[in-house]
Amino acid sequence: MPASFVCPVCGFPSLTEQPRHADGGGSDEICPSCGFQFGFDDDDRRISFEGWRREWVKRGMPWSSKGIPCPVDWNPESQLRNLQL
């Protein structure tokens, strides 16, 4: 079974890459849940995880991906509990 990683923005438990590599660079993966792109939104656009999370919650925590279907049992409120806030 391939490793999965938790999104530090929204708690989505199934990212395919570590969001930030040991060398500090972003993975370029886009979280299908909240839409944050690691290495672009944080490094290039200077958006914090907390800032993106706040806006995502304000928008009603919508599923972001157009190409990856939303899991049937997806619960964004429960998913946020994966974070150590």
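Where is the place of Glu29? Glu29 sits in the segment before helix 1 (49-58). Helices are DSSP runs of H or I with at least four residues, numbered from the N terminus. This is a predicted model, in which local features need pLDDT of at least 70, side-chain atom pairs count only at pLDDT 80 or more, and totals for chains, interfaces and linings use all residues. Residues are numbered from 1 along each chain as its sequence is written, and side-chain values use heavy atoms, with hydrogens and water left out.

**Glu29**
- Glu29 is buried yet has no salt bridge. Buried means under 20% relative accessible area, exposed over 50%, and partly exposed in between (1.4 Å probe, protein chains only). A salt bridge is a side-chain nitrogen of Lys or Arg within 4 Å of a carboxyl oxygen of Asp or Glu.
- The nearest side chain of opposite charge, Arg20, is 12 Å away. For charge, Lys and Arg count as positive, Asp and Glu as negative, and His and the chain ends are not counted.
- The Glu29 side chain reaches the backbone nitrogen of Thr16 at 2.9 Å.
- Not counting residues up to four places away in sequence, Glu29 touches Leu15, Thr16, Glu17, Phe36, Gln37 and Phe38. Contact means heavy atoms within 4.5 Å.

**Aromatic pairs**
- A search of the whole structure finds six aromatic pairs. Rings of Phe, Tyr and Trp (its six-membered ring) pair if their centres lie within 6.5 Å; planes under 30 degrees apart count as stacked, over 60 as edge-to-face and the rest as tilted.
- The Phe36 and Phe49 rings have centres 5.4 Å apart and planes at 85°, so the pair is edge-to-face.
- Phe36 lies in the segment before helix 1 and Phe49 in helix 1, so this pair ties together parts that are 13 residues apart in sequence.
- The Phe36 and Trp52 rings are also a pair: their centres are 5.3 Å apart and their planes at 90°, so it is edge-to-face.
- Phe36 and Trp52 are both buried, while Phe49 is partly exposed, at 22% relative accessible area.
- Ring pairs link Phe36, Phe38, Phe49 and Trp52 into a cluster.

**Helix 1 and positive phi**
- Gly51, Trp52, Arg53 and Trp56 are buried in helix 1. The buried residues of this helix pack against helix 2 (76-79).
- Just after helix 1, Gly60 takes a positive phi of about 95°.
- Met61 is not a glycine, yet has a positive phi of about 55°. Met61 is buried, with a relative accessible area of 12%.
- Arg46, also not a glycine, has a positive phi of about 60°. Arg46 is exposed, at 66%.

Terms used
Helices (H or I, at least four residues) and strands (E, at least two) are DSSP runs, numbered from the N terminus. A polar contact is a pair of N or O atoms within 3.5 Å; within protein, one must be able to donate a hydrogen and the other to accept it, and residues adjacent in sequence count only if both atoms are side-chain atoms.
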